Amino acid sequence: MEILLIRHFMTRGNAEHRYVGITDEALLPGQTSSYPEVQAVAVSPLRRCVETAEIIYPGVRRYVCDELRECDFGLFENKNYEELKDDPDYQRWILSEGMIPFPEGEGRDDFCRRCEEGFCRMTERFIEENYESAAFVVHGGTIMAILDRFAASRESFYHWQVKNGEAYRGKLCKREWSKGIRRLTGIERI
């Protein structure tokens, strides 16, 4: 089964380099791109992902999956580096390389676990419904969490970063997945 992991198109907060997690922003106008055709789309419930999926895959069956939403950045939400650089909590988070939870927000382990559960749930549904290709239109953090856990090749968490509108393509073996061997192979950036 072919799997595409697509990061949503750009929002105003993205353009301003803000930590846009649970903030439910619309896309900036006039964005489009071409991606391989798929039979089904899993999408984060946040507006920027829903709008991106509608642009890329009009008419393709969409499944909204709450677990695929972006991380809750807590007190850092919708702020950028300039607004945070003198905040001691922000400096502690930077020094931890993102390993400590965001103040009043989500921790990386909980976030990754949630994304993994959503990816597994949707993948199992796509296998049950006998799809051969599917896209996940989600967030940059969600893509990093999924590939950090399921990529056959071991890379660092931040190795999997993508810009708005960028994507990865990989394959999974339905038979292996159903037996509990859960991995994505042949991963390439498209």
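Two strands are taken to pair if DSSP finds at least two bridges between them, and strands (E, at least two residues) and helices (H or I, at least four) are DSSP runs numbered from the N terminus. This is a predicted model, in which local features need pLDDT of at least 70 and side-chain atom pairs count only at pLDDT 80 or more, while totals for chains, interfaces and linings use all residues. Residues are numbered from 1 along each chain as its sequence is written, and side-chain values use heavy atoms, with hydrogens and water left out.

Six strands form an open sheet with mixed pairing, in the order E3-E2-E4-E1-E5-E6.

| Edge strand | Residues |
|---|---|
| E3 | 61–64 |
| E6 | 185–189 |

Direction ignored, neighbouring strands of this sheet are turned by 20° against each other on average. Strands E1 (residues 2–7) and E4 (residues 133–138) run parallel and are joined by six bridges, and Leu-4 has Ala-135 in E4 as its bridge partner. Helix H6 packs on the sheet, touching E1, E4, E5 (167–171) and E6, and its direction makes about 145° with that of E1; contact means heavy atoms within 4.5 Å, and angles run from 0 to 180 degrees between N-to-C directions of axes fitted to C-alpha atoms, for helices over the stretch in contact.

The axes of helix H5 (residues 108–128) and helix H6 (residues 140–150) come within 9 Å and cross at roughly 80°, which makes H5 roughly perpendicular to H6, a term covering 65 to 115 degrees. Among the residues that meet are Phe-111 and Phe-119 in H5 and Ile-146 and Phe-150 in H6.

How values were computed. Parallel < 35°, antiparallel > 145°, perpendicular 65-115°, else oblique.
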